[in-house]
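Student: Could we go through this protein together, one feature at a time? I would like each answer to end on the value or name that I ask for.

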Amino acid sequence: MATNKASRDSMVVIAVIVAACVMILANLLADKKFARIDLTKEGRYSLSQPFTNIIGRLDDTLRVTYYVSEKGPEGFEQIKRDMLDKLQEIETASKGKIKVTAIDPTNNKDLRERLTKENFLIELMGFQKDQKTMSRVFSGLEITYQAKDKIPIPQIGQPEMLEYAIGSSIVDLTTTKKPIIAVYAPRGAGGGPMMPGQPQESGFEWISQGQWDQEKKFDIKQVDLTEGNTIPPDTSLFMMFRPRDLNERQKYEVARYLAGGGKMLLAASSFNVSYEFGARVEKTPSGLEDYLKELGVTMGQDFIADNSSLKLPVRDPFNRNNIVLKTFPLFINILQENIDQESVLTKLLPNMVVLSPAAIALDNAKLEKNSLKGTVLAKTSKQTWVIPYADGIDLNRETEDDENRKYDGSRNVFVMLDGQFPFNYEGKPVPAWDHGGAPPPPDQKDKKDENATVVKKPGWLAIFSGPEAFQSLYINSRDLGQFMQNNVMVVRNITDNFGMGDDLIRMRTKTYEARTIKALGGAENDVKRTVLKVALIGGTATALFVFALGWFLFRRAAQTRYERSFAQTIGPSSFTND
């Protein structure tokens with residue numbers, strides 16, 4: 001029996017050695033073949049399909065260098081570990097197309113100085129002996145591809161940001177021809193007061209000149225829908241801001257573009273409200289009303305106001321030294337609950353501000369007849385009321401008249417149509433260009449009339465009924481600008497989606513929820529939350545340990561009973577002295 005005990009002990013030693021070898025081998029394989037199971041609802045620890053699609057654009061190895069300090073304040077080690085895990089996951093999923101290298105620049109003076117100039121240093125707060133401390137650490141990426149210029153991505157310290165940061169860089173590096181974005185924004189569309197000696201601007205120059213961090217991605221062309229400057233045939237996105245009284249040829253150009261698979265943003269309204277010298281109103285027909293009505297879209301002719309509106313500081317007229325908050329019911333604040341959170345164009349937007357919009361009505365039966373699908377992207381709240389249009393209307397009095405106010409429910413202010421747009425000009429003579437009464441150019445005099453035709457493809461049209469929401473006069477306003485930055489994001493989302501494809505925007509709008517237990521909110525539940533955290537972190541390990549200990553004791557007791565019984569019936573055992 002002593003021999004049997006020695007054999008058992010040897011088997012235990014061998015089992016421990018084998019287990020250790022398996023652990024070491026598993027860790028080595030994990031470094032080469034990184035993988036983990038993601039049980040989160042939003043796929044927090046998984047690579048998204050859009051990012052995988054973008055990796056497929058690489059024809060050569062993309063090198064990603066992660067510059068990160070070896071040491072940092074409390075909590076930094078976990079951040080660095082999460083970043084390295086995500087980068088390793090990206091490298092593995094790329095199947096050799098992406099190579100990741102981590103470098104600590106702390107002991108390299110030249111590198112440290114270069115990264116400092118490129119803003120790779122970030123400040124992190126920590127605690128030491130109950131004292132708050134601030135530490136500076138390096139954290140950022142540098143991306144290299146072929147012989148192209150390096151792309152620095154400084155101050156990145158969240159793994160959730162890596163997909164978009166690397167994915168957008170891949171798109172930039174692999175794009176051989178910039179997508180064309182055509183912008184129509186006629187001068188005098190309401191860009192603010194005219195300066196002496198200077199032509200009046202449209203107010204949308206920041207878009208037509210690409211001043212929203214997009215000028216490097218796109219070839220932005222300003223068009224005026226004339227014979228020598230119309231929509232380029234290979235335009236990825238066409239944006240119209242405040243069109244007015246379009247002629248027949250201009251309407252033809254728009255209809256042909258959409259019927260041929262074009263993507264278009266139309267920011268237009270039936271009227272304009274100017275606040276330069278008090279509220280002044282005027283009718284501003286775009287010329288597209290009949291075309292839109294044929295599609296199934298009608299633009300309202302009356303003002304709409306909403307209780308969900310902005311309150312802005314103004315001077316008290318009776319005491320110029322006193323600043324009061326005044327409500328502007330026509331400056332409508334569209335809350336997140338009234339913004340489509342499924343569309344990549346508006347997903348995650350906490351709000352939008354629409355200035356003096358018109359209501360947009362969708363005729364679903366007519367849309368269906370035209371093989372078009374209509375989607376509401378944003379609407380006002382249920383506490384919306386209508387103010388009939390009148391040229392000499394006093395909007396201040398109308399919006400402050402609480403007694404006659406009647407709420408009529410929400411109104412659409414931002415809609416989207418997609419599908420095969422009709423082309424009612426098919427087979428008819430193409431409308432002639434308007435030369436303002438002048439005779440046609442010599443090369444056009446003897447030209448025979450041609451019949452309209454187009455190769456039909458599914459297209460897309462977004463209609464926004466408050467054009468001034470995108471106007472620099474208001475976006476850059478000291479009082480209004482802070483509320484209107486999400487309007488800039490709408491432009492960016494649309495240009496990204498239709499200029500670069502929807503993969504980028506789908507990555508940027510990937511959500512990461514922070515789930516909380518509402519019943520444990522507040523300072524009074526600090527102790528309960530701490531106990532719950534401890535239980536969640538250590539509870540599983542403790543339960544496994546208790547189970548293993550209990551199972552060991554149970555098996556040990558069973559073995560003891562068996563050996564005592566065996567010794568009494570057969571002979572001596574390891575529990576006897578013989």
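Student: How many helices and strands are there in the protein chain?
Tutor: This is a predicted model, in which local features need pLDDT of at least 70 and side-chain atom pairs count only at pLDDT 80 or more, while totals for chains, interfaces and linings use all residues. Residues are numbered from 1 along each chain as its sequence is written, and side-chain values use heavy atoms, with hydrogens and water left out. Helices (H or I, at least four residues) and strands (E, at least two) are DSSP runs numbered from the N terminus, and on that basis the protein chain has 15 helices and 21 strands.

Student: What percentage of the residues of the protein chain count as buried?
Tutor: A residue is buried under 20% relative accessible area, exposed over 50% and partly exposed in between, with a 1.4 Å probe and protein chains only. Among the 578 residues of the protein chain, the share that counts as buried is 42%.

Student: What span does helix H7 reach from its first C-alpha to its last?
Tutor: Helix H7 takes in residues 248-259, which is 12 residues. The expected span of a helix is 1.5 Å times one less than its number of residues. For H7 the expectation is 16 Å, and the helix comes close to it, reaching 16 Å.

Student: Why is H7 described as largely enclosed by the rest of the structure, and which strands and helix are included in its cover?
Tutor: Nine of the 12 residues of H7 are buried, so the helix is largely enclosed by the rest of the structure. The buried residues include Arg249, Glu253 and Leu258. Counting contact as heavy atoms within 4.5 Å, the cover of these buried residues includes strands S6, S8, S9 and S21 and helix H8.

Student: Which residue has a side-chain oxygen that reaches the backbone nitrogen of arginine 249 at the start of H7?
Tutor: Just after the other end of H7, glycine 261 takes a positive phi of about 95°. At the start of H7, the backbone nitrogen of arginine 249 has a side-chain oxygen within 3.1 Å, and that oxygen belongs to asparagine 247.

Student: How many aromatic pairs does a search of the whole structure find, and what is the angle between the planes of phenylalanine 241 and phenylalanine 470?
Tutor: Rings of Phe, Tyr and Trp (its six-membered ring) pair if their centres lie within 6.5 Å, and planes under 30 degrees apart count as stacked, over 60 as edge-to-face and the rest as tilted. The search of the whole structure finds 16 aromatic pairs. In the pair of phenylalanine 241 and phenylalanine 470 the centres are 6.0 Å apart, and the arrangement is edge-to-face because the planes lie at 75°.

Student: How many residues apart are phenylalanine 241 and phenylalanine 470?
Tutor: Phenylalanine 241 is in strand S8, whereas phenylalanine 470 is in the loop between S21 and helix H12, so that the pair links distant parts of the chain, and they are 229 residues apart.

Student: Is phenylalanine 241 buried or exposed?
Tutor: Phenylalanine 241 belongs to one aromatic cluster with Phe204, Phe414, Phe464 and Phe470. Because its relative accessibility is 0%, phenylalanine 241 counts as buried.

Student: Which residues does tyrosine 275 touch, not counting residues up to four places away in sequence?
Tutor: Tyrosine 275 lies in the loop between strands S10 and S11, and at 28% relative accessibility tyrosine 275 counts as partly exposed. With that exclusion in sequence, tyrosine 275 touches Leu330, Phe331, Ser356 and Tyr474.

Methods. A polar contact is a pair of N or O atoms within 3.5 Å; within protein, one must be able to donate a hydrogen and the other to accept it, and residues adjacent in sequence count only if both atoms are side-chain atoms.
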